[in-house]
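Morning, everyone. Let's take a look at the chain on the screen.

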Amino acid sequence: MTVNRELFDQVMVPNYAPSSVIPVRGEGSRVWDQQDREYIDFAGGIAVNCLGHCHPALVNALKEQGEKIWHLSNVMTNEPALRLAKKLVDATFAEKVYFANSGAEANEAALKLARRLALEEFGAEKSQIIAFNKGFHGRTFFTVTVGGQAAYSDGFGPKPGDIVHCDYNDLAAFEKLISDKTCAVMMEPLQGEGGIVSPTDEFAKGVRELCTKHNALLIFDEVQTGVGRTGELYAYQGLGVTPDILTSAKALGGGFPIGAMLTTTEIAKHLKVGTHGSTYGGNPLACAVGEAAFDTVNTPEVLAGVKAKEALFRELLTAVNDKYKVFSEIRGQGLLIGAVVAEQYKGRAKEFLVAGINEGVMSLVAGADVVRFTPSLVIPEADIREGMARFEKAVAAVVNG
Ligand SMILES: Cc1ncc(COP(=O)(O)O)c(C=O)c1O
């Protein structure tokens with residue numbers, strides 16, 4: 001069988017438009033394709049591969065668990081799930097954990113829990129969910145409707161109701177929307193897909209205060225920001241604003257699919273037996289790899305390393321930009337970095353990504369105007385330098401048409 005990019009168009013549903021390159025193996029922050037061409041990975045599987053490719057701690061955890069037990073379903077619990085849950089609880093505000101398989105599923109659980117709590121404690125009137133324009137929370141129908149991009153939620157018939165949006169960082173608009181009928185507010189503590197936008201201090205604290213005032217649950221979607229990405233274990237810890245519910249996925253499994261919803265005992269009690277579930281949630285393989293990823297990331301050295309690598313990354317990217325003037329702003333936190341294209345390149349962020357592939361460096365976009373970098377949290381300095389040298393060539397290629 002010839003396995004190539006053409007086969008994708010023949011046999012796959014056309015909802016993705018993957019690159020022409022098919023990577024076949026990876027090690028650390030380097031990846032090789034079918035033709036054995038090497039790439040430096042600044043994309044990290046969209047902020048997933050927090051320890052790069054095939055990190056020995058994760059490979060060992062997978063192999064070890066793979067020879068013990070793979071799956072039970074939730075009619076029984078398992079040791080890796082219990083251990084990972086205990087570590088998440090010990091390291092955060094949370095007291096209870098629910099495991100899912102993806103970010104969208106963790107968010108779906110959070111939203112259902114919020115609705116359930118409001119119904120049971122306050123009555124049917126309290127069902128409004130507030131979220132933010134350009135926010136992204138996943139692709140289930142509930143989460144995509146809560147997400148703030150109508151382009152993703154339109155065209156599928158009637159949407160889940162009582163969901164409203166306002167602009168991120170617009171506290172006055174938010175204050176006008178929220179009321180005692182609001183049951184939950186879902187926000188990213190740094191908008192990722194929406195363009196790498198940090199909340200102002202005033203906004204984050206203001207949202208928290210207004211949620212408390214109106215008995216609305218504050219749900220932080222940390223699917224992209226969680227597990228070390230911003231240089232904190234979770235971004236809320238750097239913001240100094242504690243949510244009522246937090247969702248985590250992506251880096252939580254370091255490349256193995258897993259999601260988690262974290263909350264307090266008081267809130268969690270509303271998801272009583274039978275109210276929600278998942279066949280695979282808390283799967284032993286996923287949780288064993290998740291535990292190894294968590295143990296490796298949640299150390300002062302790795303977290304401080306993220307901030308040091310961020311500084312180098314910004315310095316090198318700024319130097320490229322000083323030369324070519326293609327970006328109007330470099331923003332983000334930790335190793336979640338966005339380069340906003342200058343006016344002249346508006347709508348063309350993807351050209352930098354495609355040129356990067358040609359030069360042997362993988363990056364991402366966040367919307368049409370932002371080039372996004374989410375490399376491994378333990379990427380060696382030499383790979384940052386080499387990757388940025390390749391990215392400079394990509395920028396030159398775009399500039400020179
Ligand atoms: C903030 C945020 N929430 C949720 C999701 C959805 O996660 P998943 O694709 O694992 O369902 C994403 C994915 O990009 C995300 O960035």
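The C-alpha centres of domain 1 and domain 2 lie 26 Å apart. Domain 1 covers 5-54 + 300-399, and domain 2 covers 57-297. Those bounds come from an automatic or database domain assignment.

A word on the source. This is a predicted model, where local features need pLDDT of at least 70, side-chain atom pairs count only at pLDDT 80 or more, and totals for chains, interfaces and linings use all residues. Residues are numbered from 1 along each chain as its sequence is written, and side-chain values use heavy atoms, leaving out hydrogens and water.

Now the interface. About 2200 Å² is buried between domain 1 and domain 2, and carbon and sulfur atoms give 61% of that. Buried area here is the accessible area (1.4 Å probe) that two parts lose on being put together, summed over both.

Next, a helix pair. Helices are DSSP runs (H or I, at least four residues), numbered from the N terminus. H14 (residues 349-359) packs on H15 (residues 381-399) at about 125 degrees, with axes 8 Å apart. Axes are lines fitted to C-alpha atoms over the stretch in contact, and angles run from 0 to 180 degrees between N-to-C directions. So H14 is oblique to H15; under 35 degrees is roughly parallel, over 145 roughly antiparallel, 65 to 115 roughly perpendicular, and the rest oblique.

Who touches whom? Contact means heavy atoms within 4.5 Å. H14 brings Glu-351, Phe-352, Ala-355, Gly-356 and Glu-359. From H15 come Arg-390, Phe-391, Lys-393, Ala-394, Val-395 and Val-398.

Note on methods. Helix = DSSP H or I, 4+ residues; strand = E, 2+ residues; numbered from the N terminus.
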